[in-house]
Amino acid sequence: MSSDRDDFLRREFPMRAEDYEFLRRLAVRTTGIELSDAKKEMVYSRLVRRIRALHMDSFATYCRHLDQNPAAELSFFVNAITTNLTSFFREGHHFEALRTTILPDLVRRNAASRKLRIWSAACSTGEEPYSIAMSVLDSNLCSGWDVRVLATDIDSNVLAHATAGRYALERVQGLAADIVQRHFTRLDQDGILEVRPAVEALVSFRQLNLMQEPWPMTGLFDVVFCRNVVIYFSKDTQRLLFNRIAEQMPVGGYLCIGHSETMHGLSDRFESLGRTMYRKRF
Ligand SMILES: C[S@@+](CC[C@H](N)C(=O)[O-])C[C@H]1O[C@@H](n2cnc3c(N)ncnc32)[C@H](O)[C@@H]1O
């Protein structure tokens with residue numbers, strides 16, 4: 001029976017244990033993403049295209065290149081190791097809660113300023129922040145308010161897609177027809193849909209590595225969506241991140257996390273509202 005190591009050596013490009021160790025350390029140091037041994041196959045297949053494009057002959061050469069040219073190569077590496085799976089109104093109960101309980105509460109609490117700030121902290125290709133903006137518009141609670149959704153991600157490729165606001169028809173196929181009609185325009189016969197300007201106007205996209213310190217944002221966010229990203233981080237990194245997010249929110253602000261994530265044992269600054277929703281206590 002061949003070992004895992006032999007399999008990797010027989011590939012188009014050899015990837016030695018020390019190459020993987022180098023990539024693993026670089027990933028966690030620069031992005032917080034933990035690459036376990038189980039991710040070896042994924043890392044191989046995502047980087048192999050880049051190695052071919054650079055006309056290199058091995059992962060060892062690629063690791064040396066990364067080491068010597070971080071300014072030029074690091075963003076390709078980071079974009080390759082991120083997992084960007086997302087969809088419109090993913091984990092729909094968060095958007096339902098936003099419309100029916102969170103926004104009504106915030107509209108009462110922020111009545112004096114008529115300002116609302118929402119952060120989508122790992123926005124991928126934009127479906128999440130656009131779904132937030134659509135929910136705000138559909139709630140009809142904030143007309144005339146100063147509402148802004150900040151959408152950030154570390155990955156420059158997904159941000160370019162998100163900023164364009166264009167999606168293939170199949171990306172909206174599960175949505176109710178009235179939502180598609182209200183918030184998208186059909187661009188051409190190939191089935192590309194564009195998010196309408198009223199939705200786009202609420203959202204600003206910026207590149208942000210959640211690991212960087214300090215974050216550049218100065219104001220507080222009434223609602224933070226930090227969903228399906230901390231699963232890639234260690235518990236220690238999650239603890240630090242949730243406490244930093246708490247610093248970026250007012251008391252009573254709302255935090256939504258992903259379906260397989262939990263705050264349990266990580267930060268006592270949030271109280272659970274059930275179904276991966278939290279409110280900042282202090
Ligand atoms: C699986 S997607 C989640 C998208 C969306 N939040 C959702 O739940 O549908 C995870 C996103 O986290 C981003 N990400 C990973 N590490 C990050 C970091 N250190 N800082 C900012 N974004 C990061 C990835 O680029 C990716 O787009």
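The C-alpha centres of domain 1 and domain 2 lie 32 Å apart, with the domain bounds coming from an automatic or database domain assignment. The contact between them, where contact means heavy atoms within 4.5 Å, takes 8 residues from domain 1 and 9 residues from domain 2. This is a predicted model, in which local features need pLDDT of at least 70 and side-chain atom pairs count only at pLDDT 80 or more, while totals for chains, interfaces and linings use all residues. Residues are numbered from 1 along each chain as its sequence is written, and side-chain values use heavy atoms, with hydrogens and water left out.

**Domains and their interface**

- Domain 1 covers residues 4–81 of the protein chain, and domain 2 is made up of 93–165 + 197–280.
- Between them, domain 1 and domain 2 bury about 730 Å², 50% of it on carbon and sulfur atoms; buried area is the accessible area (1.4 Å probe) that two parts lose on being put together, summed over both.
- On the domain 1 side that touches domain 2, helix H2 (17–31) and helix H5 (70–81) each supply at least two residues; helices (H or I, at least four residues) and strands (E, at least two) are DSSP runs numbered from the N terminus.
- By class, that side of domain 1 has 2 nonpolar, 4 polar and 2 charged residues, where Ala, Val, Leu, Ile, Met, Phe, Trp, Tyr, Cys and Pro count as nonpolar, Asp, Glu, Lys and Arg as charged, and the others, Gly among them, as polar.

**A buried histidine**

- His183, found in helix H9 (residues 177–183), counts as buried at 4% relative accessibility, given that buried means under 20% relative accessible area, exposed over 50%, and partly exposed in between (1.4 Å probe, protein chains only).
- Leaving aside residues up to four places away in sequence, His183 touches Met134, Leu137, Asp138, Glu194, Val195, Arg196 and Val199.

**Backbone features in loops**

- Glu213 and Pro214 are joined by a cis peptide bond with omega about -5 degrees, and Pro214 is found in the loop between strand E6 (203–207) and strand E7 (223–226).
- Asn140, in the loop between helix H7 (127–139) and strand E2 (146–153), has a positive phi near 60 degrees although it is a residue other than glycine, and its relative accessibility of 65% makes it exposed.
- Asn228, in the loop between E7 and helix H11 (235–247), likewise is not a glycine and has a positive phi of about 60 degrees, but Asn228 is buried, with a relative accessible area of 11%.
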